[in-house]
Amino acid sequence: MNPIETQWHQLKTHEIAGQMFDNEYDLAIAVMDGMKTRSQAGEYSLERFIFNCT
């Protein structure tokens with residue numbers, strides 16, 4: 001598995017599990033907040049990532 005797949009699984013299982021989102025923006029904010037939380041807990045840096053919405 002690609003390393004990001006493990007992180008995505010953990011994010012879905014822990015940070016955003018059981019939440020309902022009204023729209024894609026709210027989901028995107030939850031993902032960004034969850035990744036920030038995971039990076040702080042794991043003591044690794046997190047660089048910004050860009051969502052392309054077309």
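Where is the place of Phe-21? I looked this up first, and I found Phe-21 in the loop between H1 and H2. I note here that the model is predicted.

**Entry: overall**

I read off the secondary structure of the chain, which comes to two helices and zero strands. I then took the span of the C-alpha trace along its principal axes, and I got about 30 × 25 × 25 Å. For burial I looked up the share of buried residues, which is 17% of the 54 residues in the chain. The accessible surface of the chain comes to about 4,700 Å². Carbon and sulfur atoms account for 53% of that surface.

I also looked up the charges. The chain has 4 positive and 8 negative side chains. I noted that the centres of the two sets lie 4 Å apart.

**Entry: the helix pair**

I took H1 as residues 3-15 and H2 as residues 24-41. How do the axes of H1 and H2 cross? I found a crossing at roughly 105°, with the axes coming within 10 Å. H1 is therefore roughly perpendicular to H2, since angles of 65 to 115 degrees count as such.

I listed the residues where the two helices meet. From H1 I wrote down Gln-7, Trp-8, Gln-10, Leu-11 and Glu-15. Facing these in H2 I wrote down Val-31, Gly-34, Met-35, Thr-37 and Arg-38.

I then turned to His-14, which is found in helix H1. I recorded His-14 as exposed, because its relative accessible area is 51% and the cut-off for exposed is over 50%. From His-14 I checked the distance to Gly-34, and I got 8.6 Å from C-alpha to C-alpha. These two are 20 residues apart in sequence.

I went back to Phe-21.

I noted Gln-19 as partly exposed, with a relative accessible area of 39%. Which distance separates Gln-19 from Ala-30 in space? I read 9.3 Å, C-alpha to C-alpha, for a pair that is 11 residues apart in sequence.

I placed Ser-39 in helix H2. Ser-39 is buried, because its relative accessible area is 6% and buried means under 20%. What is in contact with Ser-39, leaving aside neighbours within four places in sequence? I found Tyr-44 and Leu-46.

I recorded Glu-43 as exposed, with a relative accessible area of 75%. I also looked up its backbone, and I found phi of Glu-43 near 55°. I marked this as a positive value in a residue other than glycine.

How values were computed. Residues are numbered from 1 along each chain as its sequence is written. This is a predicted model: local features need pLDDT of at least 70, side-chain atom pairs count only at pLDDT 80 or more; totals for chains, interfaces and linings use all residues. Side-chain values use heavy atoms; hydrogens and water are left out. Helices (H or I, at least four residues) and strands (E, at least two) are DSSP runs, numbered from the N terminus. Buried means under 20% relative accessible area, exposed over 50%, partly exposed in between (1.4 Å probe, protein chains only). Accessible areas come from the Shrake-Rupley method with a 1.4 Å probe; for residues, only the protein chains shown count as cover. Lys and Arg count as positive and Asp and Glu as negative; His and the chain ends are not counted. The place of a charge is taken as NZ of Lys, CZ of Arg, CG of Asp or CD of Glu. Axes are lines fitted to C-alpha atoms, for helices over the stretch in contact, and angles run from 0 to 180 degrees between N-to-C directions. Angles under 35 degrees count as roughly parallel, over 145 as roughly antiparallel, 65 to 115 as roughly perpendicular and the rest as oblique. Contact means heavy atoms within 4.5 Å.
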